[in-house]
Amino acid sequence: MALARVLVVDDDEAVRVSLCTILEKHGFDVTCAADVSGALKLISSQKYDVLLTDLHMPGAGDGLTVVSAIRHANPEAVTLLLSSFPEMSAAANAILMQTDEILVKPMNIPDLISAITQRLARGPLHKRNIETLATILERTTEAGIADWYELVEKEDTLMAIPLSREARCKHLPQLFSDLAVRLQTFKPLGTKELKSRSASDHGTARRQQGYTAAMMVEESRILQVTIFHTLQKNLGTIDFSVLLLGVMTIADEVDSQLSQSMKSYLAESIQDTLPA
């Protein structure tokens, strides 16, 4: 029977060497990596039955990045995270959606071996349904708009402008669609290539409806809050390795659309002041 292949990832050399030596003595085929970059290279070229990785590591990425990578390369692999913090409360639930078990350092050897062998016998904790951020936004567009409108209704300054729900939310379906496109096209942060006619029309409409510039900015801020709450509710299906870049891209695109709206808003304002 082939030995179970274990990938150990830890930036602490003493811990890494110790873990590898102990696991080899207990009959595992062990490979070690000192950082996230090294682990990703190994995962892309070899198949492992178990990932045992430290959660907190310096440099780009962390243990969750490694977990996401092995999950894509080999969904059947068992993923175990090592953490030095026994109380992870709020973060623990989100992390457990991505990995099979959290092991707290320092861990005695019998318990470590038992955790690995038991998890190998049971297999991965659950099927992992991973979605891109674009897919999540497309799937939750209607709910996101409803959440946004609920928050807007609580802002007396915004509600001072009497509008129907349809008129107030008219720009949002296309904006969500534009966000999904931006996430799928992998344009660099700060890009200005994606022009939105909808954003331009929105600025003109808001000026005609009596909005101030500050009110438009506030609506945009609420939109970002709404989107980030949506992502928070869908942490269990998000690929953590691309989450940070995705969040930055969303913020960049929302700001870009606000900028485009403000240009047409100001153009409409100038038009209003011209003599007839």
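A charge sits over a ring if NZ of Lys or CZ of Arg is within 6 Å of the ring centre and within 35 degrees of the ring normal. Two such cases are tabulated here.

| Charged end | Ring | Distance from ring centre |
|---|---|---|
| Arg-165 | Tyr-149 | 5.1 Å |
| Arg-206 | Tyr-211 | 4.4 Å |

This is a predicted model, where local features need pLDDT of at least 70 and side-chain atom pairs count only at pLDDT 80 or more, while totals for chains, interfaces and linings use all residues. Residues are numbered from 1 along each chain as its sequence is written, and side-chain values use heavy atoms, without hydrogens and water.

Now the helices (DSSP runs of H or I, at least four residues, numbered from the N terminus). Helix α7 spans residues 141-153, and helix α12 spans residues 213-233. Their axes, lines fitted to C-alpha atoms over the stretch in contact, come within 9 Å and cross at roughly 130°. Angles run from 0 to 180 degrees between N-to-C directions.

Contact means heavy atoms within 4.5 Å. Gly-144 and Trp-148 are among the contact residues of α7, and Ile-222 and Lys-233 are among those of α12.

How values were computed
Helix = DSSP H or I, 4+ residues; strand = E, 2+ residues; numbered from the N terminus.
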